[in-house]
Protein chains: 2
Amino acid sequence: MTTISYASPRRMLDRLKALGEIGATGDGGVCRLALSDADRAGRDLVVGWMRALDLEILIDAFGNIFGRYPKANDAPAVVMGSHIDTVATGGIYDGNLGVLAGLEVIETAIEQKLPIARPLIVAVFTNEEGVRFAPQMMGSLVFAGGLPIQTALDTIGIDGARLGDELRRIGYDGDYPVGKLPIHSFLELHIEQGPVLETEDVTIGAVDRVQGISWTEYKVLGQSSHAGTTPMHLRKDAGRVACEIGAFVPQMVFEMGGDQVGTVGRMILGPNLTNVVAREATLTVDLRNTDAGKLADARKRLDAFAHAAAREANVHLEVRQLTDLLPVPFAPDIVDMVEAYASAHGYKARRMPSGAGHDAQMIARVAPSGMIFVPSVGGISHNVREFTKPDDLKAGLQVLESVALRLAMQN
Amino acid sequence: MTTISYASPRRMLDRLKALGEIGATGDGGVCRLALSDADRAGRDLVVGWMRALDLEILIDAFGNIFGRYPKANDAPAVVMGSHIDTVATGGIYDGNLGVLAGLEVIETAIEQKLPIARPLIVAVFTNEEGVRFAPQMMGSLVFAGGLPIQTALDTIGIDGARLGDELRRIGYDGDYPVGKLPIHSFLELHIEQGPVLETEDVTIGAVDRVQGISWTEYKVLGQSSHAGTTPMHLRKDAGRVACEIGAFVPQMVFEMGGDQVGTVGRMILGPNLTNVVAREATLTVDLRNTDAGKLADARKRLDAFAHAAAREANVHLEVRQLTDLLPVPFAPDIVDMVEAYASAHGYKARRMPSGAGHDAQMIARVAPSGMIFVPSVGGISHNVREFTKPDDLKAGLQVLESVALRLAMQN
């Protein structure tokens with residue numbers, strides 16, 4: 001199988017750069033928090049491009065934006081998209097790439113007058129990053145019916161603002177009913193945000209699953225005492241137990257092998273003084289696996305270890321599950337097509353899981369979905385130094401184009 | 001051996017309470033940071049009591065205060081004392097007890113017209129707590145020649161003030177030459193600040209040594225990355241190594257047994273986010289032992305472990321020694337006397353090390369020294385809830401009185 005491409009990587013890159021100017025932090029990065037003035041300006045720019053292509057603009061009650069071609073065709077569509085909100089110190093690729101590549105594919109179909117059998121849609125989902133308003137992937141979650149829209153609109157942000165008020169303020173409280181858009185299939189091109197593709201010198205990741213995520217907070221309650229005058233056997237050392245849990249996580253994860261990862265990125269001791277035995281310690285453990293059973297096992301083993309460590313140290317332990325997302329498999333046909341078209345274009349490809357969360361995992365609840373990853377230089381993500389080489393952006397665009405047009409043109 | 005006591009525990013306790021009013025925090029605690037206005041007011045009160053007893057007031061160039069009886073007697077003196085500065089949320093006993101018990105013993109000697117063979121001195125050392133101006137025990141350290149006075153006067157405090165300027169401001173930059181006071185022996189009565197006496201139902205601690213203290217800061221430098229997308233083998237996880245060091249400390253300490261204690265009370269991760277592998281981690285390890293060799297061994301084992309853990313995790317490690325104090329033995333004759341007089345008064349006594357630092361360990365460099373501990377309820381220290389029962393204060397005063405007068409009356 002070989003294939004040709006009509007899409008313009010240059011035009012897509014120009015749009016990426018233009019969108020990256022909105023909320024630019026001056027150091028190559030972008031700050032475009034969901035439903036901020038910068039988000040409105042970014043939406044206006046993207047919607048403007050859609051209008052210039054004479055797409056039909058549908059904005060739903062949660063502010064998710066859809067540009068449909070051809071207009072007023074309610075047949076199930078091939079949808080491409082992602083998000084354009086960013087973290088506070090984000091880059092210009094995360095999310096934006098999936099939106100602007102989708103737009104480019106539609107522009108290509110229009111220019112080439114391709115005989116598509118079903119509509120093409122480019123989608124922009126509201127508040128994927130979840131930085132200002134938790135949780136992440138909110139727009140696609142609401143779209144897929146995983147969160148009632150009223151609950152989502154009533155979310156209070158870290159700045160005290162109510163999401164629904166902000167949505168109205170920026171003028172993106174649309175009238176299209178949430179979740180009613182007919183979808184044939186969903187495709188999301190995204191930067192990997194990790195080091196695997198670059199390390200293995202592979203250009204295209206055919207994402208076959210999204211890892212399940214378990215976040216657990218362990219709060220250890222001991223008693224502060226003098227580090228010099230308190231014998232070891234009379235201590236209730238919260239810091240000790242926190243460190244023991246933190247050291248157990250990588251030990252268990254390496255033992256388990258496979259896709260399992262585990263991270264203790266956050267730990268806070270109190271009062272956090274060199275010569276005072278810690279009164280309390282809070283740490284969060286992030287566990288991920290593509291296998292739901294193994295992830296649950298890991299969580300159980302960790303809990304058992306934590307409780308035993310707390311008993312041994314004579315401290316109290318509180319355990320709180322903060323996040324518990326099951327792994328999401330993508331549609332096998334789409335994964336196969338991504339891999340096959342990558343090869344057809346002459347790119348090295350590999351199947352891989354996604355370690356991060358993406359809108360596609362929510363849309364996968366309601367339609368066959370898939371993702372295409374392109375390499376992140378240095379694996380750097382959520383950082384102003386986020387970068388993907390132009391040749392790799394081009395590769396991702398071409399694979400998206402081929403898969404989307406194939407899905408849109410076949411019966 | 002039995003003995004009688006003339007000292008008035010009531011008068012001492014009244015003075016403790018009166019001094020505790022100065023800098024009172026309103027919740028039973030005291031904030032009287034070194035060389036603050038409250039410290040000046042506290043000094044003025046204590047010096048007023050000394051003058052009322054017609055003691056000779058000697059104030060040295062570092063603000064250390066000595067009240068001598070009888071006046072102008074330059075023979076080596078039996079010195080009793082401690083400090084009256086406190087931590088920001090201190091109690092009324094820490095330090096103050098040693099000063100006011102010394103004053104009470106002198107008042108007793110005067111009232112009873114005891115035939116002493118050498119002078120009695122009550123001493124107030126400047127800045128023992130080291131909270132505003134580091135390091136701790138500064139006045140006694142300067143007195144003992146362990147720190148040049150000019151260096152000490154040039155110390156800049158956490159509020160930006162220069163110690164020498166503050167000393168002059170509060171009017172306690174005296175003209176007596178530092179370290180020239182002839183000392184026959186030094187005695188410090190102090191609250192234990194730990195739980196051992198109370199736990200063992202013992203009233204008097206005959207302190208035979210002060211633990212050596214080693215503070216080491218480990219700074220782990222890794223690389224932040226996404227907790228989901230970064231495979232374990234490609235991580236440079238600073239938090240992992242910090243936790244492993246923190247978990248190794250108690251493991252090693254329990255293995256060593258004896259007097260060894262070890263604490264990780266302070267740890268800071270960066271950026272300290274649940275889903276980001278930590279870029280850096282800083283922790284401090286507080287190790288203490290009464291045996292210098294064992295303490296050095298512990299430090300070496302810990303360093304070796306830390307370096308191995310850093311290599312294994314592919315991170316950089318910086319090690320900085322913050323404090324390295326050798327253990328200090330007290331004069332065996334004085335320790336024996338404390339134990340014997342405690343028994344003579346009918347109190348249960350035990351020999352014990354001090355886990356905290358005290359002025360007596362500095363004066364031990366220049367004169368035979370010893371300490372007497374009384375129980376701290378709940379082992380609580382450096383806390384507004386610091387408390388020692390009146391009967392235990394009385395016991396400590398009586399043992400101090402007996403030992404001091406014995407030293408002052410014998411030839």
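Student: How many residues of chain A are in contact with chain B?

Tutor: With contact taken to mean heavy atoms within 4.5 Å, the partner side, chain B, contributes 50 residues. The model is predicted, with local features needing pLDDT of at least 70 and side-chain atom pairs counting only at pLDDT 80 or more, whereas totals for chains, interfaces and linings use all residues. Side-chain values use heavy atoms, with hydrogens and water left out; residues are numbered from 1 along each chain as its sequence is written, and chains are lettered from A and ligands numbered from 1 in the order in which they are written. On the side of chain A, the number of residues in contact is 50.

Student: About how much area do chain A and chain B bury between them?

Tutor: The size of an interface is often given as the accessible area lost when the parts come together, and here the loss is computed with a 1.4 Å probe and summed over both parts. Carbon and sulfur atoms carry 63% of the total, which is about 4,200 Å².

Student: Which residues of chain A lose the most area to chain B?

Tutor: The interface as a whole buries about 4,200 Å², and on the side of chain A three residues together account for 16% of what that side buries. They are A:Thr229, A:Met232 and A:Thr274.

Student: How many charged residues are on the side of chain A that touches chain B?

Tutor: Elements are DSSP runs numbered from the N terminus, helices (H or I) having at least four residues and strands (E) at least two; those giving two or more residues to this side are α7 (196-200), α8 (238-256), β9 (261-270), β10 (276-277) and β11 (280-289) of chain A. Asp, Glu, Lys and Arg count as charged, Ala, Val, Leu, Ile, Met, Phe, Trp, Tyr, Cys and Pro as nonpolar, and the others, Gly among them, as polar. The side divides into 21 nonpolar and 22 polar residues, and the charged ones number seven.

Student: What is the volume of the largest pocket?

Tutor: On a 1 Å grid over the protein atoms alone, a pocket is an open set of points with protein on both sides within 12 Å along at least five of seven lines, a cavity is a set where a 1.4 Å probe fits but cannot get out, and lining residues have an atom within 4 Å of a point. The largest pocket is lined by 48 residues, with A:Asn275, A:Val276, B:Gln136, B:Trp215 and B:His382 nearest its centre. Grid points are joined across faces, edges and corners, and a volume is the space filled by probe spheres set on the points; for this pocket it is about 1,400 Å³.

Student: Which element gives the largest share of the lining of the second largest pocket?

Tutor: This pocket holds about 970 Å³ and has 35 lining residues, with A:Gln136, A:Trp215, A:His382, B:Asn275 and B:Val276 nearest its centre. Two or more residues come from each of β7 (212-221) and β12 (316-325) of chain A and β8 (225-226) of chain B. The largest share, three residues, comes from β12(A).

Student: Where is A:His382 found?

Tutor: A:His382 is among the residues nearest the centre of the largest cavity, whose volume is about 140 Å³. Although A:His382 is not a glycine, its phi is positive, about 50°. A:His382 is found in the loop between β15 (369-374) and α12 (390-409) of chain A.

Student: How many residues apart are A:Glu217 and A:Arg320?

Tutor: Their side chains meet in a salt bridge (3.3 Å, N to O). The pair links distant parts of the chain, A:Glu217 being in strand β7 and A:Arg320 in strand β12 of chain A, and the number of residues apart is 103.

Note on methods
Buried area = accessible area lost by both parts, 1.4 Å probe. Salt bridge = Lys/Arg side-chain N within 4 Å of Asp/Glu carboxyl O.
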